[in-house]
Amino acid sequence: MLGSVFLYQMSFFVAAIPVASVLYGVTKGKFKYRVIHEKIRFKNLPESFRGLKIVQISDMHLGSFRRKYEQIAKAVEMINEQEPDLIFFTGDLVNNFAEETDGWAPVLSKMKAKYGKYSILGNHDYGDYSEWESLAAKEKNLTAIKNFHKKIGFRLLLNELETLTINNEEIALVGVENWGKPPFPQHGNLNKALANVAPEQFKMLLSHDPSHWDEEVLTGTDIDITFSGHTHGMQFGIERAGIKWSPIQYKYPRWGGLYRHNKQYLYVNRGFGYHGFPGRIGMPPEITVVELT
């Protein structure tokens, strides 16, 4: 009798674990921001940029937050507590529509960085996942999304170069539009963005989809470090006790964290927001701090 009761209780407990995890993920887990620190050494980094602190966030998907401004305001405070020199946002501001940005400017504009805030577009920002009454309506939506970046103080890089200067030393920051494997759009033009970059310059790239790193960055450039997002870590996985696993790895081998090939680095942020499943299980939303040394 005792054995039967024990087995019944254990089976109930085991069955309850997934339910409890889902409940936590959709209530608290999606706002349980974690700060991940990485320090990366480069021999060719100019002296004036040693110790440069970069905060990266990605994949806000503002429409999913349903105007929960207070929760995101706390995350903005966490970002500012890092005292970043630069802030990078690597795409997917919205799920689809510019109207998702309504009311968010007072919150998101409070992010502060000593040398500037820079951003790019992600696949969701182009409005490709909705039906539009006309091409003009779709273009108007995209223009409004682009304008919102400026409204919150971010310099949106559209296949462009930004030269960063400290004490008369320079590094190149390149940002491309979304480049992904089909069926994702390939608006990114890396050659155009690199056109005016000096060969000897230290180079940083913002590119939303980490697939771009393997397909174009490693095969044809000497870009030192690339910052990406897109995968969300599938908002589900295990990262503890030496285990790093998410189902997304079967589609994106480079899905979260730091990767290296010879002298080139890629960092894939696991996402600030959420989309589809309204939560996160074992894959907290991420604020990345990368220090260059």
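**Contacts, sheet and salt bridges of the predicted model**

K30 touches G25, K68, Y274, P278, G279, R280 and P285, residues up to four places away in sequence being left out; contact here means heavy atoms within 4.5 Å. The structure is a predicted model, in which local features need pLDDT of at least 70 and side-chain atom pairs count only at pLDDT 80 or more, while totals for chains, interfaces and linings use all residues. Residues are numbered from 1 along each chain as its sequence is written, and side-chain values use heavy atoms, with hydrogens and water left out.

The mean pLDDT of the protein (the predictor's confidence in each residue, from 0 to 100) is 93, and 94% of the residues score at least 70. Confidence is lowest in helix α1 (residues 2-27), with a mean of 63, and highest in strand β3 (residues 86-90), at 99. Helices (H or I, at least four residues) and strands (E, at least two) are DSSP runs, numbered from the N terminus.

K30 is placed in the loop between α1 and β1 (34-40). This lysine is buried, a term for under 20% relative accessible area, with exposed meaning over 50% and partly exposed the range in between (1.4 Å probe, protein chains only). K30 has no salt bridge, which is defined as a side-chain nitrogen of Lys or Arg within 4 Å of a carboxyl oxygen of Asp or Glu. The nearest side chain of opposite charge to K30 is that of E100, 14 Å away; Lys and Arg count as positive and Asp and Glu as negative, and His and the chain ends are not counted.

An open sheet is formed by six strands in the order β1-β14-β2-β3-β4-β5, with mixed pairing. Its edge strands, β1 and β5 (155-156), each pair on one side only; two strands pair if DSSP finds at least two bridges between them. Within the sheet, β3 and β4 (residues 117-120) are joined in the parallel sense over four bridges, and I87 has K117 of β4 as its bridge partner. Helix α3 (residues 69-81) lies across β1, β2 (52-57), β3 and β14 (286-292). The helix runs at about 10 degrees to β14, where axes are lines fitted to C-alpha atoms, for helices over the stretch in contact, and angles run from 0 to 180 degrees between N-to-C directions.

Strands β12 (residues 257-261) and β13 (residues 264-268) pair in the antiparallel sense over five bridges. G257 has V268 of β13 as its bridge partner. The two strands, β12 and β13, form a hairpin with two residues between them, and N262 in the turn has a positive phi of about 55 degrees.

S207 is located in the loop between β8 (203-206) and α7 (211-220). The residue is buried, at a relative accessible area of 1%. Apart from neighbours within four places in sequence, S207 is in contact with I120, V176, H212, T226, F227, S228 and G229. F49 is 158 residues from S207 in sequence, and their C-alpha atoms are 21 Å apart.

The model contains ten salt bridges. In one of them, K138 is paired with D128, the closest N and O atoms being 2.6 Å apart. K138 lies in helix α5 (residues 135-151) and D128 in the loop between β4 and α5, so the pair ties together parts that are ten residues apart in sequence. Both partners are partly exposed, K138 with a relative accessible area of 23% and D128 with 33%. E160 forms a salt bridge with R155, at 3.4 Å between the closest N and O atoms; E160 is partly exposed at 26%, as is R155 at 30%.

D222 and K203 also meet through their side chains in a salt bridge (3.3 Å, N to O). D222 lies in the loop between α7 and β9 (225-228) and K203 in strand β8, so this pair connects parts that are 19 residues apart in sequence. D222 is partly exposed, with a relative accessible area of 44%, whereas K203 is buried at 5%. R34, E239, R270 and E286 are linked in a network of salt bridges.

Backbone geometry is considered last. Most residues other than glycine have a negative phi, and most peptide bonds are trans. P182 and P183 are joined by a cis peptide bond, with omega about 10 degrees; P183 is in the loop between β7 (169-175) and α6 (190-194). N167, not a glycine, has a positive phi of about 50 degrees. N167 is placed in the loop between β6 (160-166) and β7 and is exposed, with a relative accessible area of 63%. A241, also not a glycine, has a positive phi of about 50 degrees. A241 is in the loop between β10 (238-240) and β11 (243-245) and counts as exposed at 81% relative accessibility.
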